[in-house]
Amino acid sequence: MRQPRLPGEVYSSQGPIPVYPTAGLIVREDSYGRVLYPQREIEIDDSCSSTVQILTLMHELVHIALFDSGVTALVSLEQEEIIADAIAQYFGGAIQAGYMKFTTPAVKGAK
Ligand SMILES: [Zn+2]
């Protein structure tokens, strides 16, 4: 199956969040992305495989959802990472298996 590409932005309840492919971003040994909360931006290391990029994006989206819903105030950072990994693996797997896909809103004037 064809692997989806990173979208330029993703949905959030507070408005769209830009997604920036960033070379050489590796934050930690097992981390290839990050959320910049003040700017409400996501950076994904684009030097890793497209599969890792999509799973990383899913992981960062969970962080956004947990932050926006206030859950981050109720769990430790370690618990938040476990939750983000579990949900990212689930939705990333569903996308790879063809049960879900990324879509972006139609751009006005685009043909
Ligand atoms: Zn994380």
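Confidence in the chain is lowest in strand S1, at a mean pLDDT of 90, and highest in strand S4, at 95; pLDDT is the predictor's confidence in each residue, from 0 to 100. The mean over the chain is 87, and 85% of its residues reach 70 or more. This is a predicted model, in which local features need pLDDT of at least 70 and side-chain atom pairs count only at pLDDT 80 or more, while totals for chains, interfaces and linings use all residues. Residues are numbered from 1 along each chain as its sequence is written. Helices (H or I, at least four residues) and strands (E, at least two) are DSSP runs, numbered from the N terminus.

**Nonpolar core**
- The largest nonpolar core has 13 residues, of which Ile44, Ile54, Leu57, Met58 and Leu61 touch the most other members.
- Strand S4 (41-45), helix H1 (50-69) and helix H2 are the elements that give two or more residues to this core.
- H1 provides the largest share, seven residues.
- Such a core is a set of buried Ala, Val, Leu, Ile, Met, Phe, Trp, Tyr and Cys residues joined through C-beta atoms within 7 Å.

**Serine 12**
- Serine 12 lies in the loop between strand S1 (9-10) and strand S2 (17-22).
- Serine 12 is partly exposed because 15 other C-beta atoms lie within 10 Å (buried means 20 or more, exposed 12 or fewer, partly exposed in between, with C-beta atoms placed from the backbone).
- Aspartate 68 is 56 residues from serine 12 in sequence, yet their C-alpha atoms are 8.5 Å apart.

**Helix H2**
- Helix H2 (residues 77-96) has 20 residues and spans 28 Å from first to last C-alpha, close to the 28 Å expected (1.5 Å times one less than the number of residues).
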